[in-house]
Each structure stands twice: as C-alpha cells, then as structure tokens.
Number of protein chains: 4
Amino acid sequence: MVIVMTPTATPEDIEAIVGLVGAAGGEAFVSRGVSRTIIGLIGDVERFAALNLGGQRGVAEVMRVSTPYKLVSRENHPERSTVRVGGVPIGPETVTLIAGPCAVETPQQTLAAAEMAKAAGATLLRGGAFKPRTSPYAFQGLGEAGLRILADVREQTGLPIVTEVVDAHDVPLVASYADMLQVGTRNTQNFALLQAVGKAGKPVMLKRGMSGTIDEWLMSAEYIAQRGNLDIVLCERGIRTFETATRNTLDVSAVPVAQRLSHLPVIIDPSHSGGRRDLVLPLTRAALAVGADGVIIDVHPHPEQALCDGPQALVTEDLPALAQTMQTFSPLMNRTLVSQTLCQSARPPQSLV
Amino acid sequence: MVIVMTPTATPEDIEAIVGLVGAAGGEAFVSRGVSRTIIGLIGDVERFAALNLGGQRGVAEVMRVSTPYKLVSRENHPERSTVRVGGVPIGPETVTLIAGPCAVETPQQTLAAAEMAKAAGATLLRGGAFKPRTSPYAFQGLGEAGLRILADVREQTGLPIVTEVVDAHDVPLVASYADMLQVGTRNTQNFALLQAVGKAGKPVMLKRGMSGTIDEWLMSAEYIAQRGNLDIVLCERGIRTFETATRNTLDVSAVPVAQRLSHLPVIIDPSHSGGRRDLVLPLTRAALAVGADGVIIDVHPHPEQALCDGPQALVTEDLPALAQTMQTFSPLMNRTLVSQTLCQSARPPQSLV
Amino acid sequence: MVIVMTPTATPEDIEAIVGLVGAAGGEAFVSRGVSRTIIGLIGDVERFAALNLGGQRGVAEVMRVSTPYKLVSRENHPERSTVRVGGVPIGPETVTLIAGPCAVETPQQTLAAAEMAKAAGATLLRGGAFKPRTSPYAFQGLGEAGLRILADVREQTGLPIVTEVVDAHDVPLVASYADMLQVGTRNTQNFALLQAVGKAGKPVMLKRGMSGTIDEWLMSAEYIAQRGNLDIVLCERGIRTFETATRNTLDVSAVPVAQRLSHLPVIIDPSHSGGRRDLVLPLTRAALAVGADGVIIDVHPHPEQALCDGPQALVTEDLPALAQTMQTFSPLMNRTLVSQTLCQSARPPQSLV
Amino acid sequence: MVIVMTPTATPEDIEAIVGLVGAAGGEAFVSRGVSRTIIGLIGDVERFAALNLGGQRGVAEVMRVSTPYKLVSRENHPERSTVRVGGVPIGPETVTLIAGPCAVETPQQTLAAAEMAKAAGATLLRGGAFKPRTSPYAFQGLGEAGLRILADVREQTGLPIVTEVVDAHDVPLVASYADMLQVGTRNTQNFALLQAVGKAGKPVMLKRGMSGTIDEWLMSAEYIAQRGNLDIVLCERGIRTFETATRNTLDVSAVPVAQRLSHLPVIIDPSHSGGRRDLVLPLTRAALAVGADGVIIDVHPHPEQALCDGPQALVTEDLPALAQTMQTFSPLMNRTLVSQTLCQSARPPQSLV
C-alpha cells in the first residue's frame with residue numbers, strides 16, 4: 001500500500017501517518033521528494049484499510065498496489081505530466097531539444113559543444129562527467145572536474161545541465177551540480193541507484209534498458225517514484241537486436257506505448273540508437289512524428305577527436321538542418337518548440353506533477 | 001559475372017553472348033525480365049574477361065560480382081529508382097499510400113475496404129488471396145476465387161492490385177491477376193519463389209524477413225533482380241525482438257540504411273509492425289518522417305469479423321486522420337502525395353529503372 | 001475437424017467418409033500418407049458431429065482442432081514416436097548419428113565424407129544437392145547431378161541419404177533419390193513446401209526457423225502431418241540472437257520442451273548452431289546430455305576447399321573423439337547407439353508412428 | 001598500462017612504483033587485492049616504458065593494454081584458473097555443485113534448503129538476502145537479517161555461503177558475512193559495484209548480463225580484476241531472446257567460448273535459465289557435458305510458498321536424481337565431483353590464481 005501526500009502536507013501530517021501505521025503493527029517507509037512525500041506501507045493490508053488513512057490530513061491518495069507500476073501509471077493519473085528542468089518544460093504541450101557532447105573532455109570542447117547546442121535551439125545541455133564504459137580501459141569521464149566544467153558552461157550559456165550518475169554513492173555530488181540526473185541504459189535495473197536518484201530532489205532522465213521491455217522500464221521508473229520523485233522523463237535509446245547495421249534498433253513504437261501506459265514524458269535519443277551521424281536527422285524526424293516529447297542529441301566540435309562516441313555526433317554543418325527540423329515538426333504535432341526566450345519569459349515554476 | 005543487356009537488345013544479341021560464353025567453356029544463364037534481360041555467367045572469370053563482352057551489341061553493362069548484391073546496389077546505380085505499378089509510381093519524388101484488407105473474404109467486404117482505401121487517398125489496393133498462416137488450421141485465403149474478387153474490385157474502383165504469392169508454382173496464376181506481387185516475411189529466403197517472381201514480368205514488393213538483416217534482405221532482392229526484374233519495392237514490416245508490447249518492432253532506421261545501400265524504393269507497413277490499431281497512425285507518421293517512399297495499411301469495414309489480423313485494421317472513423325497525415329507529411333518531405341488524379345493525368349509509362 | 005484413418009483403411013472406407021461429409025454440405029480434404037490417410041474437414045462442425053464419423057469403418061480417430069497443433073501433439077499421442085529412415089530408427093530408445101558434407105561437390109569428396117561419417121559411427125548420410133544460399137552469387141548446389149552422386153555413394157556405403165529440398169516443385173525429384181527429405185531453417189514457414197513434403201511419402205527432417213518459436217515450429221510440423229505424413233523429425237539448429245561469438249545460439253532447452261509438447265523425435269545440429277569446428281564436440285555432448293534423439297554433423301575431407309560452411313566441418317582427426325562421445329553418452333542416457341550392425345540385423349520395418 | 005605485483009610485494013615496493021610513475025608525470029592507481037596488488041597507470045605510455053618498471057622489485061608483470069580484456073584473458077594466462085571459496089575449489093579439475101534457496105526467507109526455510117543442498121552433494125550454499133527485483137512491490141529480501149540467517153546456517157551445515165550484493169555501498173557489509181559475493185545479471189554493467197567487489201577481498205561470482213555478449217561479460221570481469229581481485233567465477237544464466245517457452249535461453253556455447261578466451265572458471269545456472277523445474281535436470285546434464293566447472297541450483301523445501309522464483313526450485317524428491325547426475329557426469333568429463341569430505345581433507349589453501 002502506498003500513500004501519496006499532498007504537496008502541502010506538513011511534517012506533522014507525515015508523522016501522524018507513521019504513528020498510525022506503527023500502532024497497527026506495520027512499518028511505514030517515508031520518502032521525501034521534491035514536491036511531495038510518499039509513504040510506503042509494509043504489513044497487514046486489512047488492518048491498514050481499517051485505519052481510514054485516506055481521511056487523514058495531508059493525504060492526497062491511498063493506493064493499493066495491484067498493477068506492477070502504480071505511481072507512474074496513467075491509469076491513476078490520466079493527464080500526461082510535464083517535468084521542468086531548471087525552468088525548461090518537457091511534456092505533452094512542447095518539444096524540447098537537449099544537446100551537447102557525449103562526454104565532457106575539456107572546458108573548451110564543452111563550451112564549444114554547448115554553443116553548438118544553443119545554435120541548434122537546445123534549451124538543455126547534456127554532457128557526461130561520469131561515463132559507464134564497457135571496457136575498463138576506455139575513458140571513464142573526468143568525474144567531479146567534469147561537473148565543474150559543466151557548471152561553468154551553464155553559467156556562460158544559461159543552459160541547465162543534464163548529466164549521468166552511475167553510482168548511488170555519487171548521487172549527492174552529481175545532484176549538487178546537475179539540473180537533471182540521467183540514469184543510463186546499463187543501470188536501468190540498478191535498483192540502488194534508482195532509489196538514490198529518487199531521493200535526490202532533482203528531475204531524472206531514465207533511459208530504457210538495452211534489452212528492457214517497456215513494462216520493466218516503467219517498473220524501474222516506479223522505483224524512483226516510490227522514493228517521492230515523480231519528475232521522471234523516460235528516454236528510448238534503441239534496443240539490442242540481431243541487426244548490426246545500426247548500433248541499436250530504435251523502437252519508435254515504445255513512445256506511444258509508454259505514453260499510453262504512463263503519464264511521464266517520453267523522449268528519444270537518436271544519436272545512441274543509430275550510432276551513426278547520417279541517421280541522426282532521419283531518426284529525429286521519426287521521433288518527433290511518432291509523438292516524442294523531446295530529443296537528446298550528441299554534438300561535438302571535433303568528433304574525430306572525441307573520447308567517446310565520436311561517430312554519432314553532429315557537427316557544426318548539421319545544425320541548421322537540425323534547427324529547421326525542430327521548427328517544422330513541432331507545430332505539425334500541435335506542440336510548441338521550447339526556446340530559451342520561452343523559458344526566460346516564463347517564471348520557472350514549481351514542479352508540475 | 002553478370003551482364004545487363006540494354007532494353008533494346010534483340011534475341012540475336014542475347015544468343016551471341018551465350019555462344020561466346022559457351023565457346024569459352026562457361027555457362028550462360030539467361031533471365032528475360034520485363035524491361036531487359038540479364039545473363040549470369042558461371043565459369044572462368046579470366047577467360048570471360050578476354051571476350052570483351054562489354055563491347056558486344058546489346059550489352060549495357062558487365063559487372064564483376066564482388067559485393068554481395070550488385071544489381072540492387074546503389075553503388076552501381078546512384079540514382080534512386082521509381083517503380084511503377086499499373087501507372088502508380090513508388091519512388092523518391094513521391095509518397096504512395098497502399099491500403100486494403102489483410103485478406104479477401106467476400107466481394108462485399110473487399111469492395112467496402114477498397115472504397116475505404118480510396119477515401120483515405122490510396123492509389124493501390126492491397127488484399128490477400130493466398131495467406132501464409134502459421135497455423136494450418138487458420139483461414140488460408142480464398143485462392144483463385146479471391147484473385148477474381150480483387151480483379152472485379154479493381155474494375156469497380158480503378159485501383160491496381162497488390163497481392164501476395166506464397167508458392168513458386170502459383171506465380172503465373174497470381175501474376176495473371178495482380179499488378180504487383182507481394183513476397184511475405186516468411187518467404188524472404190524462399191529462393192525458388194524469389195526466382196519465380198523475378199521472371200513473372202510484374203513489379204514485386206519484397207517484405208523484410210522477420211529476423212532478416214538488411215544485408216540479407218538486399219541479397220534476397222538480388223535473387224529477384226538476377227532474373228531480370230528490377231521493379232522491386234522493399235517493405236519494412238517490423239522485426240522480431242524480445243519486446244512483446246508490439247507484434248513486431250518497427251525498425252525505422254532500416255529505411256535510410258536500405259536507401260543508402262540500394263537504389264530500390266523502401267516503404268513501411270505500420271499495420272503488421274505494431275499489430276495494434278492505435279499505433280497505425282503514429283507509426284505512419286514516423287514512416288513518412290524517416291523518409292519512406294510509401295506505406296501499406298490494413299483497413300477493414302468490420303475488423304471484429306475479420307478472418308485475419310482484425311486487431312490492427314483501421315476503421316472508417318480513422319480514415320480522415322490517415323488522409324490528413326498523408327497530405328501534411330508529403331510536402332514536408334519535399335514529395336508529392338500520389339493521388340488518383342495524378343496517376344490518371346500522367347501516361348502510365350514504361351518501367352523507369 | 002481432422003479424421004485419422006487406420007493404416008489398414010481401404011480406398012472404399014475413405015470414399016465413404018468423403019461422401020458422408022459432402023452430403024452434409026462440407027468439404028473433405030484427403031491426404032494419403034506413407035502409412036495412413038488423413039482427412040481434413042471444412043464446414044459445419046455441428047453437422048459433422050452428427051455423422052458419427054468415429055464409428056465408420058477405417059476411422060482410427062476423429063479430432064476436433066482446438067490446440068494449434070493436434071496431430072504432432074503429445075497430448076493426443078502420449079507415446080513418443082520413432083521415425084525410421086531406410087531402416088534406421090530415430091526415436092526415444094536410441095541415439096542416431098547423421099553425418100556428411102554440408103554440400104555435395106564431387107563424387108570423390110562425397111564418398112570420402114561418407115567414409116568419414118561411417119568411421120565415426122554414422123548410420124545416415126547427410127549432403128546437400130540443392131543449397132539455399134543467402135547470396136545469389138554463392139554456390140547453389142549441383143542439383144540433380146548431386147542427387148545422383150548421393151545415390152551412388154549410398155550404394156557404395158550402405159548409408160541411407162538425408163538431403164534438403166528447397167522448392168515444392170522439386171519434391172518428387174528429390175524424393176525419388178532421398179531416404180529422408182530435409183526442410184531447412186529458411187523454409188520452416190514455406191507452407192507450400194511443407195505441404196509438398198507432407199505428400200511425398202518420405203520421412204522429413206524439419207529444421208527450426210532461425211527466429212521461430214517452438215510453437216511455430218510445431219505448427220509447421222502440423223502442416224506436414226496434415227498431409228498424411230507423421231514421419232517427421234524435428235531438428236534444433238540454433239536461433240538468431242544478439243550474440244555474435246557463435247553463428248547462432250544453440251537452444252538446448254528446446255529439446256526437452258519440444259519433446260514434452262510433441263511425440264516427434266528431436267535432434268540437434270551442433271555444426272550449424274555454433275558454426276565453429278571447435279564447438280562441435282562440446283555441443284554434441286550437450287545435445288546428447290539434454291536428451292536429443294540424435295545429432296547431425298558436418299564432416300569434410302578438405303574443409304579448407306569446401307564450397308559451403310567449411311569452418312564448421314569436422315576433419316578426419318576429429319572422428320575418434322566424436323565416435324567415443326557417441327558411445328559414452330548413449331548408454332548414460334539409457335539409449336542404444338544406432339549402428340550399422342544393429343540396422344542390418346533388424347528387419348527394416350514399416351513406419352512406426 | 002597495468003602492473004601486476006607479485007604476491008610477496010611489500011608496501012614499500014608498491015610505493016616505489018607509485019613514486020616513479022608520479023615523477024614521470026603519470027598517475028598510479030593502486031588496487032590491493034586478496035592475494036596481490038595491481039597498479040593501473042594513466043599518462044604517457046612512452047615515458048612509462050622508459051622507467052623499466054618490469055625490473056623493479058615486487059613487479060610480476062607489466063602489461064600494455066591492447067585487447068579489451070587483459071587480466072582475465074587466457075592469452076596472458078594459458079592455464080585455466082581454480083578459484084577457492086572457503087576451501088571449496090571451482091576450476092578445471094573439478095565439478096562443483098552450489099545449491100540453496102533463491103531468497104532467504106526464514107531461518108527454518110534456509111536451514112531446510114541447506115540440508116537439501118547438502119543431501120544433493122552441494123559444497124556451497126547459495127541464498128539471497130538482497131534481491132534485485134524488477135518490481136519495487138516484490139519481496140526485496142531480508143537484508144542484513146538474511147545475512148545473519150545465512151551465517152547461522154553455515155555454522156550448522158559447514159557450507160560456505162554465496163550471496164548477492166546489489167549496491168556498491170553494501171559490499172563491506174555483505175563481504176563481512178559471505179564467502180563469495182554474487183553480482184547478478186542486472187548489475188553486470190554496474191561498474192561501481194564491479195569495482196567495489198573488486199576491492200572486497202572475497203571471491204566473486206559474476207553472472208552474464210541478460211543481453212550481454214561474451215565480450216562484454218569478460219570486460220565486466222576485467223573491471224573486477226583491475227581492482228586486484230582475480231578470484232572470479234563466470235556464471236552463464238540464460239540470455240534474452242524472442243523465445244518465450246523458457247524464461248531465458250540458456251547459451252551452453254558460452255561455456256567453451258568463454259573458457260577459450262579467459263582463464264576464469266565458468267559455471268551454469270540451469271534454474272534461472274529455464275525458469276521451470278522440469279528443465280533443471282536436463283539443463284544440468286547439458287551444462288556438465290558442455291564442460292561447465294559447476295552448476296548453481298535453486299532448491300526450496302516448499303516452493304509453492306516461496307517468495308521468489310518458486311516455479312523453478314527443485315524439491316526433495318528431485319535430489320537423488322540431481323546427486324546421481326553430478327556423480328555420473330563428473331568422471332565422464334575427467335573431473336572430480338567436489339564433496340564435503342574432499343574439502344575437509346584438503347587444507348583450504350591460499351587463492352590459486
């Protein structure tokens with residue numbers, strides 16, 4: 001059984017629930033999120049039912065868990081959600097472009113890539129300081145030094161930062177720099193990490209597992225949500241199949257399927273899906289046309305020198321076409337393309353969920 | 001070694017080549033196609049090289065086979081091809097809508113579905129008379145009676161017919177009714193069938209194998225081309241993966257990848273990919289946006305009574321949205337949406353390849 | 001509805017059934033098999049039920065078709081079957097070794113490979129005269145000339161022949177030479193071919209589709225059975241997955257699963273599964289240990305010159321280890337290793353099904 | 001560049017290396033393992049080469065990293081390794097049975113399962129206290145309370161414990177109870193966890209990722225090895241494919257392939273591969289026959305009440321058949337079945353690597 005508190009519930013309201021549950025022989029698991037608190041109950045459901053928890057002050061909803069995911073399910077939350085990252089919305093009304101280098105390498109390279117991103121119309125900057133690499137001998141990222149570079153570049157460009165965290169232990173550190181935490185495809189079932197980002201008070205981008213079903217992906221999102229954080233954006237990035245012409249097989253169908261099952265925004269990563277520069281634009285168009293709420297794209301000033309995933313990064317000459325694609329397809333899907341002007345004029349509001 | 005004759009080569013020209021090859025101890029395999037003849041040579045390549053075959057009358061090109069596909073490769077034919085089916089073009093300048101029932105069941109149902117197709121803007125009618133069914137106890141199609149129904153409906157609606165053939169033995173029969181022969185996903189490596197449709201003098205739609213790589217697909221097309229038939233349209237229809245939320249996983253990346261490797265048109269079947277009505281429109285949009293040269297879509301007047309694949313057929317209420325999608329996305333991709341008016345005004349020309 | 005006639009049913013018995021069904025407004029589809037006739041009924045099941053067909057002379061069983069496969073199902077036939085190929089049994093009491101070259105290339109090569117097979121203890125000779133090749137430019141087999149070589153080698157060695165047929169049209173020709181017809185992995189859903197081999201009067205080895213589920217495989221077997229031929233041996237040969245270290249991924253679990261669902265024998269092809277010589281012996285051991293009723297193995301006197309699949313063929317030095325593996329594992333599984341002596345002493349009996 | 005120190009290298013020897021590397025402008029990364037220390041160097045390889053590091057005291061080997069895995073590669077270590085877990089060997093000379101409950105639920109259930117394991121001949125006890133579960137609403141394990149139960153049961157039965165760790169943060173805690181740390185299939189690319197277990201001073205069982213290639217698996221092992229821990233046992237547990245008849249598809253070929261590429265022992269988990277009780281024995285036989293160095297099997301006194309994976313657990317009646325399979329197949333593969341007697345008579349030696 002899960003209790004969702006209202007955003008205005010007080011610590012006393014929460015304590016009251018915990019007390020009631022304890023007195024009924026149960027255990028209450030309190031997760032304080034960005035905008036609200038969620039309390040998981042373990043114990044005798046029948047006894048809990050007798051407590052009339054739904055009637056307590058500060059309680060928004062009491063859910064019995066019967067489907068594998070509940071908090072992220074659209075069944076319980078028919079309106080699709082908008083997640084805000086440093087004031088930039090990702091949701092059903094808009095199309096958001098996130099761009100930047102795969103990995104932060106140097107201040108110069110990161111700034112140049114951020115300027116490229118901005119030129120293409122991006123309103124969020126991606127960039128990895130902690131890189132999960134298949135080989136232990138591959139470049140593993142600059143760590144905290146990379147986070148500092150990202151923060152400097154944010155200062156210089158005004159772009160909020162999306163960056164990956166690979167270790168539950170690093171979550172507070174990364175969250176102290178990042179505007180949005182990314183959980184990568186190799187960690188989609190790293191439940192300790194999911195729980196840690198669920199408690200970090202920052203929006204999360206959750207990539208789909210390389211061989212994860214849509215159901216498993218939503219259950220991973222549920223792990224985050226259960227810790228009180230509903231500011232989750234799902235990101236489809238290609239699945240592993242027998243086909244070797246592309247790095248992964250982009251599963252565009254996953255977007256409408258996930259949007260039907262869950263209220264969370266769903267974006268697409270066309271760079272890691274195809275793994276080839278020449279596929280980024282066609283796959284971006286397909287992403288927008290299928291209804292994705294945004295795309296996240298690798299750009300690099302000098303991809304031939306990139307320490308990670310150079311072959312898929314867009315270069316400067318590609319940017320006008322990318323910008324035009326974003327501008328053309330957004331109105332077609334009855335959406336507004338998120339722009340820096342738009343974000344600055346709007347008052348970066350509280351989380352919308 | 002493969003010799004492509006010019007469209008105007010005479011039987012005597014062909015005989016002359018065969019004679020030369022035989023005299024050099026080789027064997028010549030003559031394939032007379034719709035618009036031209038292709039001669040495959042088996043024997044000592046060095047001796048053939050000495051024959052100066054490229055200089056013989058009626059010879060358009062002599063190719064050494066080094067890549068796995070040659071005739072369908074874009075390397076040897078940089079211009080992308082347009083295939084014409086009863087006057088309806090499928091190619092790089094246009095977007096073509098093919099629609100109709102999965103299976104021909106009755107004259108009434110087929111006519112009603114054809115009228116639906118037409119209302120949505122389709123210029124070609126799909127419909128199966130021979131159905132390859134996984135279970136021997138499933139409806140296997142009406143056979144020749146189904147072909148006669150299709151011919152009647154063509155008469156009534158003016159829509160040329162695309163229909164499947166599953167047995168090499170039936171190719172002449174099906175070709176005597178059809179405007180385009182379809183080879184289904186279970187037969188993509190049925191080489192006897194590929195060779196038979198290669199000789200049938202009708203355009204061919206070749207679906208990708210359920211677990212076929214793009215390379216294997218193009219090699220299957222090469223089997224058809226080798227028999228003299230280059231009027232081939234490739235059709236991506238979803239591949240088999242671990243994901244079970246959709247019937248198959250639509251691989252949109254296959255469109256730009258195949259178009260880069262081959263000059264043949266590539267279309268998408270969003271109905272069989274997703275296997276769900278609610279996914280047909282989103283996947284159609286993705287198909288057009290990624291650059292497909294057309295789409296093929298199931299429609300049915302009463303899908304709840306359909307003998308085959310009812311759950312994925314569009315119904316009458318879906319047609320306006322389909323029509324509008326086609327009209328909106330075609331100009332966006334700098335293409336003309338093929339319409340009946342367009343086809344009637346144009347003189348149905350000879351094959352363009 | 002399907003009627004299985006007894007082996008001793010007369011043409012008059014069959015005619016009587018056809019007449020009854022016709023009089024009831026139905027259609028009867030008669031399939032005369034090697035040992036018995038099967039009649040499929042299309043029409044009103046309720047009216048058929050009223051005919052008391054089970055009580056007619058010559059009728060062994062009347063089955064309502066509810067599960068996707070019926071004739072090959074173990075539910076209706078709890079005893080596992082033994083199929084005999086030229087007197088050589090394949091079934092639950094024995095282990096059978098089939099070996100030979102992937103493709104018949106020359107009389108010398110075929111005889112040498114057959115002698116190798118015999119030396120390793122094989123009692124059936126495999127060898128392809130018609131080869132389904134992904135590329136149209138690859139060696140396609142010698143055709144009928146290859147069948148004649150196989151027949152000569154059978155004469156010289158006493159080994160019955162297993163050979164592939166790839167085109168429904170060729171089935172009578174191939175069946176006139178072969179002791180067992182093989183349907184390859186690319187043709188597992190070539191239903192015309194399945195029906196043709198179902199009528200050919202020869203045992204059939206049905207390979208699993210490269211990406212076919214076990215259920216689909218059994219439904220393909222049902223297509224053969226429906227034409228009156230229950231002498232079917234299933235052959236697992238590896239499925240297509242993301243792993244590229246092996247040519248395919250041998251699915252050993254498919255053996256016990258298929259044996260539980262179907263009464264048909266199940267063997268394994270360790271050569272095409274792994275695609276590597278060094279894996280043939282380990283996978284043969286795994287095959288026998290998991291309960292396969294036999295194995296089919298590529299051997300070649302000069303694999304470096306093989307026109308097809310040389311890298312996986314065993315060479316002469318490998319044969320003692322193969323022979324010993326067969327001899328050691330058979331008793332361990334409470335089975336008799338089929339030997340030429342055993343087959344000659346036994347009177348090659350009628351089909352056992 | 002990686003430096004492997006001898007087991008007898010002193011702290012001073014290590015300091016000396018670190019000093020040399022630092023003086024050359026590089027960074028030295030010291031990993032102290034159970035039996036030896038490994039130093040990874042980051043910086044200018046050419047300058048390092050000039051230091052003659054191979055000649056320094058305490059240095060066993062200096063490796064340039066060119067292949068994706070080095071420390072676990074057989075190329076650099078042709079002898080296959082034996083890993084010892086609380087005195088129980090897992091390696092090329094032996095076959096080791098590990099058994100126990102999927103999850104620790106109660107002291108009674110754990111003891112009963114351990115007695116079952118012992119009755120079947122197991123010399124190591126498996127059992128999960130921290131369970132990675134796809135759904136956040138599934139039983140997540142008892143945590144440290146479960147570890148205490150395992151420790152008690154070890155006391156009572158003498159069986160060393162293999163147990164999973166899912167969070168890098170928990171490694172010291174789990175390592176303080178466990179004899180062997182298990183990294184599960186969802187964490188095979190959780191690099192923070194791999195590094196943590198690499199430093200924990202306990203042998204590690206590394207499961208193959210659900211959709212991980214053999215190469216990726218060995219690179220994950222390399223992450224552990226790089227931290228100084230070469231006491232790694234690889235465990236194949238089935239991969240994700242399109243087939244749904246089994247929970248996963250056991251890839252038996254992975255055993256000989258991995259044993260050829262790496263010197264590490266490789267075992268098989270037939271319980272999680274098939275996910276069905278009726279497949280455990282056939283898959284165990286296949287595992288031993290293909291050359292696995294051991295198997296790990298779920299047993300449960302009351303699987304119908306199990307909180308995790310009941311359908312695949314063996315029950316008491318299955319144990320004699322399991323014991324007999326182990327006894328029959330071990331000598332057949334020229335191996336000794338590890339027994340408790342064997343382990344007690346031998347002096348539990350230092351790690352063998």
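**Notes on a predicted multi-chain model**

1. Let's start with one residue: I39(B) lies in strand β3 (residues 37-42) of chain B. Helices (H or I, at least four residues) and strands (E, at least two) are DSSP runs, numbered from the N terminus. Please keep in mind that this is a predicted model, in which local features need pLDDT of at least 70 and side-chain atom pairs count only at pLDDT 80 or more, while totals for chains, interfaces and linings use all residues. Residues are numbered from 1 along each chain as its sequence is written, and chains are lettered from A and ligands numbered from 1 in the order in which they are written.

2. Is I39(B) buried or exposed? It counts as buried because it has 23 C-beta neighbours inside 10 Å. The rule is that a residue is buried if 20 or more other C-beta atoms lie within 10 Å of its own, exposed if 12 or fewer, and partly exposed in between, with C-beta atoms placed from the backbone. Setting aside neighbours within four places in sequence, I39(B) is in contact with I3(B), M5(B), I14(B), I17(B), A28(B), F29(B) and V30(B); contact requires the C-beta atoms of two residues, placed from the backbone, to lie within 7 Å. From I39(B) to V62(B) there are 23 residues in sequence and 9.5 Å in space, C-alpha to C-alpha.

3. Now look at chain C, where strand β1 (residues 2-5) has V2(C) and V4(C) pointing one way and I3(C) and M5(C) the other, all of them buried. β1(C) pairs in the antiparallel sense with strand β3 (residues 37-42) of chain C over three bridges, and I3(C) stands opposite I39(C) there. Two strands pair if DSSP finds at least two bridges between them. β1(C) is also joined to strand β4 (residues 59-63) of chain C by four bridges, again antiparallel, with V4(C) opposite E61(C).

4. Still in chain C, helix α6 (residues 191-198) is largely enclosed by the rest of the structure, because eight of its eight residues are buried. Among them are F191(C), L193(C), Q195(C) and G198(C).

5. Over in chain A, strand β12 (residues 232-236) is mostly covered, with five of its five residues buried. I232(A), L234(A) and E236(A) sit on one side, and V233(A) and C235(A) on the other. The strand has parallel partners: four bridges join β12(A) to strand β11 (residues 204-207) of chain A, and three bridges join β12(A) to strand β13 (residues 266-268) of chain A. To find these pairings on screen, look for M205(A), whose bridge partner is V233(A), and for E236(A), which stands opposite I268(A).

6. Follow the chain through these strands. β11(A), helix α7 (residues 214-226) and β12(A) make a right-handed β-α-β unit, and so do β12(A), helix α8 (residues 254-261) and β13(A). A crossover is right-handed if, with the strands pointing away from the viewer, the path from the first strand over the helix to the second runs clockwise.

7. The domain assignment of chain A, which is automatic or from a database, gives domain 1 (2-63) and domain 2 (83-345). Their centres, taken over C-alpha atoms, are separated by 34 Å.

8. How many residues of chain B are in contact with chain A? There are 29, and they meet 29 residues of chain A. On the chain B side, α8 (254-261), α10 (277-290) and α11 (319-332) each supply at least two residues, and α10(B) gives the largest share, eight residues.

9. How do these two chains relate?

10. Finally, check two backbone angles in chain B. N52(B) is not a glycine, yet has a positive phi of about 50 degrees; its place is in the loop between α2 (45-49) and β4 (59-63). N334(B), also not a glycine, has a positive phi of about 60 degrees and lies in the loop between α11 and β15 (336-337). N52(B) counts as exposed because it has 11 C-beta neighbours inside 10 Å, and N334(B) is exposed with 8 other C-beta atoms within 10 Å.
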